[in-house]
Amino acid sequence: MPTQSFRRRAARCPLSLGLPFDSAFLTPSFPDTLLIGCGDLGADIGLRLDALGHGVVAVRRNADLVPAPLVGVAADLTREAPVLPAMDLQLLVIALTAWPRTEESYRATYVDGMRRALDAIDAAGHSPSRAVLVSSTGVYGDLPADELLDESTVPGPVDGPAQMLQEAERLFAERVPGGTVLRLSGLYGRGEPRLLGQAHTGQIGDPNRWTNRIHRSDASAAVVHLLTRDEAPADLYVGNDDEPALLGDVAAYLTSSESDADPAQGHGKRLSNARLRATGWVPEFPTYREGYAEHVTT
């Protein structure tokens with residue numbers, strides 16, 4: 001791994017800084033990883049990194065919702081910069097969530113909020129060796145399905161929220177040289193899929209629309225993989241499973257019924273994960289079939 005090792009804290013003792021120390025070396029053990037945003041995805045990323053031996057600080061509006069053993073820092077990034085504890089920052093993850101889906105909300109969170117967080121990092125004199133910004137394939141807009149889209153495809157955001165995501169990517173590239181943007185497609189994998197109810201009531205919409213998705217577990221694993229692999233990652237990856245699928249096919253699988261989707265009528269974008277796959281990342285749920293298996297009804 002390219003980053004400095006973070007010595008696991010086998011013994012703890014209060015010091016004047018309020019930090020644990022390494023019992024073998026009698027030196028303070030500073031956290032080496034910072035999460036800006038700690039919702040469901042961010043928490044999963046943080047817990048995976050903690051399991052690998054990293055000390056993780058997570059910034060969230062309500063620090064009480066940050067899962068142990070991650071160290072929570074409370075900050076509303078739409079209004080204020082976070083006050084960071086002493087750290088030996090090596091790994092940075094920005095995984096923010098905005099609500100509602102409006103241009104104003106996305107600007108306040110993804111652009112202005114991230115800027116405040118980066119200002120705090122700069123003010124503390126930190127320069128992480130690896131950094132990942134979680135973005136969205138929504139920046140591609142509505143492109144034809146004639147060919148698979150990948151990192152070389154020029155984004156074409158069609159609404160305000162997607163434009164703000166693209167602006168956040170530009171800001172990240174400017175402020176974090178050598179950082180990596182991971183554009184995730186539709187996240188799923190927490191609770192019963194909404195599509196299941198829609199399929200049973202015949203309300204799935206257009207069965208011929210191409211859909212792209214990635215299981216939440218595979219998305220968090222991809223972030224950790226890019227942060228910790230020996231070879232430096234590229235500046236951009238698309239995070240998607242192995243198989244874009246027609247919505248009608250997915251609905252039919254969930255309800256064990258015949259699909260009314262027609263591939264000849266398929267429309268909408270289809271995404272390729274070839275570059276991410278080439279790094280050695282292997283999804284646990286390579287298609288919607290593995291990801292939705294437990295929810296299939298008869």
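Predicted model: local features only at pLDDT ≥ 70, side-chain atom pairs only at ≥ 80, totals over all residues.
Entry 1: Residues are numbered from 1 along each chain as its sequence is written, and side-chain values use heavy atoms, with hydrogens and water left out.

Y110 likewise counts as buried, at 11% relative accessibility. Both Y106 and Y110 belong to helix 2 (residues 103–123), where they are 4 residues apart, about one turn of the helix. Helices are DSSP runs of H or I with at least four residues, strands are runs of E with at least two, and both are numbered from the N terminus.

**Entry 2: aromatic pairs.** I recorded 3 aromatic pairs in the structure. Y106 and Y110 make a tilted one, with 5.0 Å centre to centre and 50 degrees between the planes. Rings of Phe, Tyr and Trp (its six-membered ring) pair if their centres lie within 6.5 Å; planes under 30 degrees apart count as stacked, over 60 as edge-to-face and the rest as tilted.

Y253 and Y288 form an edge-to-face pair, 5.6 Å centre to centre with 80 degrees between the planes. This pair links distant parts of the chain, since Y253 is in helix 6 (residues 247–254) and Y288 in helix 8 (residues 288–292), 35 residues apart. I found Y253 partly exposed, at 26% relative accessibility, whereas Y288 is buried, at 5%.

**Entry 3: L171.** I located L171 in helix 3 (residues 160–175). Its relative accessibility is 6%, so L171 counts as buried. Leaving aside residues up to four places away in sequence, L171 touches V111, M114 and R115, where contact means heavy atoms within 4.5 Å. L171 and M114 are 57 residues apart in sequence, yet their C-alpha atoms are 8.6 Å apart in space.

**Entry 4: the whole protein.** I counted 8 helices and 13 strands. Of the 298 residues, 51% count as buried. Among contacts with a separation of 6 or more, 75% come from residues 24 or more positions apart. The C-alpha atoms fill a box of roughly 65 × 35 × 35 Å along the principal axes.

Terms used. Buried < 20%, exposed > 50% of the residue type's maximum accessible area, 1.4 Å probe, protein only.
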